[in-house]
Amino acid sequence: MQGPYRGNLRIWSGWSAATLHEAPGTVGFTLPGPHHPAEFADRLYACEALNPAASTPAKDEGAEPYTLQWFLNIENQRHSRQGRWIPRLLEFAKHSGETLLGLGNGLGTDWLQYARHGAEVIVCSPSAEQLTLIRRNFELRGLKGRFVHAGANSLPLESATIDVVCVSSLLDDVVEPQPAVDEIYRVLKPGGKVLAVTPARYDVDYWRRCCFPWQRWLRKNPAPQGTQLVPFSRRGLHRLFNRFVEHRLHKRQLRRREVPHLWRWVPLPVLERLMGHILVLKAFKPLSAAIPSQLAA
C-alpha cells in the first residue's frame, strides 16, 4: 500500500528529502505552500482531523506527510476520536452501488469511505493541488475514483446522473453559494440526496462571545476578525436548499473542554445539539422534478 505514488504529487522545494520518498523519475509540480511546508502539512492535518487546537500531530502519531500512515492517522482522529458521529450521520455504508459526488475542499477522508463501501465516487474540487492530494489518498488505499478539476458553479457532469452529493467545506467558503447549490440540484437524479456539511453560526464560540464578552479582552492573542465568511444558521441553510424537500438538520462537534464551566453540568449530547460547531443538512431532490422532462419527451 505504501508503494510509490504514480501521480503528479511532489513536495515543496526545500523540504527535507526524508519527508516524502518518491519513485525515481517521478515528475510533478511544486505545491504552492508557505515558506515552511512542514507547518502547512501540520495545519492540513489538524483541520482534516477536526482538531484545530493541535498545532502538530501527537508524537505517537507522527508520520511523514502525505504517506499512507499520515492519511490513516488523520482518518483515525477524524472518525474514531474527534468526530465519532461522522460515519453514521454521513451514511458511509448506505450508498453501495450508487454514484456519489464529493464537492469541496480537504483531503477526501470522508469521500473515500463511500468508495470503500462500494459507491462509485466522483470528486470535484476547484483546487488542483488539493485534488492531487485527494487522489493520492485514494490510490494509497487501492480505491478507485474519478477526479475532476472544476468549480462547483459549473460542474462538467450531465444533468440527473448523480445519486448522492456530499458537499463539505465549500458553501461557507464562497461569497455566493446559491449557484453551487443550483448545480447540485441539476446533477442529482430526481429523488437523489444531498448531504451538506458547513460550520454553524450559533456555535459555542458565538454563545461564549454573547454571554462572556469580557473574555475577548482578556485573551493575549485575540482571534483575527474578518478572515472568514459568516457560517450558516439552521434557517439560512434550509433557505439555501429550499428547492429540496424533506430537510433534516443536525448540529454536531463539541468537546466538553470547550464549554464554559457554568454549563458543563448539561449532558454533552444536549450541548452538542445546541452549540455544536458543525451543521449537517440532509435533503432530497423532489421526484416531481422528473415530470417536466418526461412531458417534454
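Is Glu-75 buried or exposed in this predicted model? Glu-75 counts as buried, at 13% relative accessibility. The close-up views below start from this residue.

**View 1. Glu-75 and Arg-116 form a salt bridge.** Their closest N and O atoms are 3.0 Å apart. The pair links distant parts of the chain, 41 residues apart. Glu-75 belongs to helix α2 (residues 68-82). Arg-116 belongs to helix α4 (residues 111-116). Glu-75 is buried because its relative accessibility, 13%, falls under the 20% cut-off. Arg-116 counts as partly exposed, at 40%.

**View 2. Arg-243 and Asp-182 meet in a salt bridge.** The N to O distance is 3.6 Å. Arg-243 lies in the loop between α9 (234-240) and β8 (245-252), and Asp-182 lies in helix α6 (residues 178-187), so the bridge ties together parts that are 61 residues apart in sequence. Both partners are partly exposed: Arg-243 has 42% relative accessibility, and Asp-182 has a relative accessible area of 29%.

**View 3. The charged ends of Arg-243 and Lys-285 sit over the ring of Tyr-185.** For Arg-243, the distance to the ring centre is 3.8 Å. For Lys-285, the distance to the ring centre is 4.8 Å. Arg-243 also takes part in the salt bridge with Asp-182.

**View 4. Glu-258 and Arg-255 are joined by a salt bridge.** The side chains meet at 3.8 Å, N to O. Arg-255 counts as buried, with 14% relative accessibility. Elsewhere, salt bridges that share partners join Glu-75, Arg-116 and Arg-141 into one network. The structure holds eleven salt bridges.

**View 5. Tyr-202 pairs with Tyr-206 and with Trp-207.** A search of the whole structure finds ten aromatic pairs. The ring centres of Tyr-202 and Tyr-206 are 4.8 Å apart. Their planes meet at 75°, so this pair is edge-to-face. Tyr-202 and Trp-207 form a tilted pair. Here the centres are 6.4 Å apart, with 40° between the planes. Tyr-202 is partly exposed, with a relative accessible area of 32%. Tyr-206 counts as partly exposed at 25%. Trp-207 is partly exposed too, at 33%.

**View 6. Four aromatic residues form one cluster.** The members are Tyr-45, Tyr-66, Trp-70 and Phe-71.

Technical notes:
Residues are numbered from 1 along each chain as its sequence is written. This is a predicted model: local features need pLDDT of at least 70, side-chain atom pairs count only at pLDDT 80 or more; totals for chains, interfaces and linings use all residues. Side-chain values use heavy atoms; hydrogens and water are left out. A salt bridge is a side-chain nitrogen of Lys or Arg within 4 Å of a carboxyl oxygen of Asp or Glu. Helices (H or I, at least four residues) and strands (E, at least two) are DSSP runs, numbered from the N terminus. Buried means under 20% relative accessible area, exposed over 50%, partly exposed in between (1.4 Å probe, protein chains only). Rings of Phe, Tyr and Trp (its six-membered ring) pair if their centres lie within 6.5 Å; planes under 30 degrees apart count as stacked, over 60 as edge-to-face and the rest as tilted. A charge sits over a ring if NZ of Lys or CZ of Arg is within 6 Å of the ring centre and within 35 degrees of the ring normal.
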